[in-house]
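Subject: Structure handover

Hello,

I am passing on the structure we spoke about, with my notes on it. Please have it open while you read; the notes follow below.

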Amino acid sequence: MVDQKTIKPTSNLNFSLMKRATMAAFLPNYHVRSVSLPTRSHPSTVKVEKQLNKFKACEGEDSSSSQAEKICRGLTGLVELYSSIEDLLNLPLTQQALAHHQKEKWVNELVDGSVRYLDLCSETRDTVLLMKESVSELQSAIRRSKGGEFKIEGDVAGYNSCRKKTKKESAKSISSLRQMENRLGASLILDLDQHLSAAVRVLREASLIINSIFQQLLLFLSSPLMKPKPTNWPLVSKLVKKEVVMFEDQGKKMNELERVDVALSNLLVQNPGKDSEAEKIQSAQNRLEDLEKSIEGIENGLGCLFRRLIQTRVSLLNILSH
């Protein structure tokens, strides 16, 4: 009988390389090529691998889109990816192999991951809905202010309060995601046949992809808040301009939340001789409309992904209950 300690955990070594390759697609400090699956993998496995590589390729070459647009495309891609994973899980070969190994730690890792991402998707969608409601309320307040005395400081404060709450909740979720990322692939996978070994690798890398995209989404939602103080309007005006110049000098694009912050700060700054109140109101409305569209896109993407993750969860439980 062969001692398991003498067996080299090649699946884990390969996954370690894939983990670094996946991070290379999303984080600038990684420079590792993606890992290909064996040439004789099942077509369903190959399809998932192609979609994983497509994620990396798109992320590396897309520089013109806004942050929210990238996130929306990422969510759409995740829906397609998990649809293909569903096909992989429906293969009798996959089902039999997973059922056979259902008591092993790495199987529990996959099942637990499906629950965690499902919960995170639901929680993030709730956060996005709160943000959407806050944006809508602020838009209504600005529209009402057009015909009368211009006082929306309280409404802006309410919006900023929502932003602060969102930032706090997002920070907790990001911490949880990073812990999940560190634990992913920690359990050894030994003595698997070629099909199951390939299937497990793509399932694990899919978890890395969804982890990365959720981190991007939560970092977007927790963008630093530019909160002006009404006692120092001239300083606020200078800080707003300095912030915009800094972004431009660094070659960065302000995201939709940051652009709203700038527009609201300009709106509250009392600076006679510069932009008229009507122009500042219109600018704030335009930025809020852009943000609203972005939030709606993210909301729809999360809704579709949530339904797909439910199906993946059900499929895994059905396989392991037999």
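A term to start with: a crossing of two helices is left-handed if the near helix is turned anticlockwise from the far one by less than a right angle, and right-handed if clockwise. Helices themselves are DSSP runs of H or I with at least four residues, strands are runs of E with at least two, and both are numbered from the N terminus.

This is a predicted model, in which local features need pLDDT of at least 70 and side-chain atom pairs count only at pLDDT 80 or more, while totals for chains, interfaces and linings use all residues. Residues are numbered from 1 along each chain as its sequence is written, and side-chain values use heavy atoms, with hydrogens and water left out.

Overall

The protein has ten helices and zero strands. Read from the N terminus, the order of elements is α-α-α-α-α-α-α-α-α-α. Of its 322 residues, 48% count as buried. Buried means under 20% relative accessible area, exposed means over 50%, and partly exposed lies in between, for a 1.4 Å probe and protein chains only. Among contacts (heavy atoms within 4.5 Å) with a separation of 6 or more, 84% are between residues 24 or more positions apart.

For the angles below, axes are lines fitted to C-alpha atoms, for helices over the stretch in contact, and angles run from 0 to 180 degrees between N-to-C directions. Angles under 35 degrees count as roughly parallel, over 145 as roughly antiparallel, 65 to 115 as roughly perpendicular and the rest as oblique.

The axes of α7 and helix α10 (residues 277-320) come within 13 Å, crossing at roughly 150 degrees. The two are therefore roughly antiparallel, and α7 passes α10 in a left-handed crossing. On the α7 side the contact is made by I210, F214, L217 and F220, and on the α10 side by L291, I298, L302, L305 and L309. By class, these residues divide into nine nonpolar, no polar and no charged. Here Ala, Val, Leu, Ile, Met, Phe, Trp, Tyr, Cys and Pro count as nonpolar, Asp, Glu, Lys and Arg as charged, and the others, Gly among them, as polar.

Helix α7 (residues 194-221) also meets helix α3 (residues 67-89): the axes come within 10 Å and cross at roughly 160 degrees. That makes α3 roughly antiparallel to α7, and the crossing is left-handed. The contact includes I71, L75 and L78 of α3 and V202, L203 and I213 of α7. Its residues divide into 18 nonpolar, five polar and no charged.

Helices α6 and α9

Helix α6 (residues 153-183) and helix α9 (residues 256-268) have axes that come within 12 Å and cross at roughly 155 degrees. They are therefore roughly antiparallel to each other, and α6 passes α9 in a left-handed crossing. E153, V156, Y159 and R163 of α6 make the contact with L257, V260, D261, L264 and L268 of α9. This contact has six nonpolar, no polar and three charged residues.

Helix α9 has 13 residues and reaches 19 Å from first C-alpha to last, close to the 18 Å expected at 1.5 Å a residue; the expected span is 1.5 Å times one less than the number of residues. Eleven of the 13 residues of α9 are buried, among them E256, L257 and D261.

Single residues

S170 lies in helix α6 and is buried, with a relative accessible area of 1%. Leaving aside residues up to four places away in sequence, S170 touches L218, L221 and S222.

D290 belongs to helix α10 and is partly exposed, at 38% relative accessible area. D290 and V260 are 30 residues apart in sequence, with their C-alpha atoms 8.9 Å apart.

A97 is in helix α4 (residues 92-100) and counts as buried at 10% relative accessibility. From A97 to I319 the distance is 222 residues in sequence and 9.6 Å in space, C-alpha to C-alpha.

K103 sits in the loop between α4 and α5 (105-145) and counts as exposed at 79% relative accessibility.

Regards
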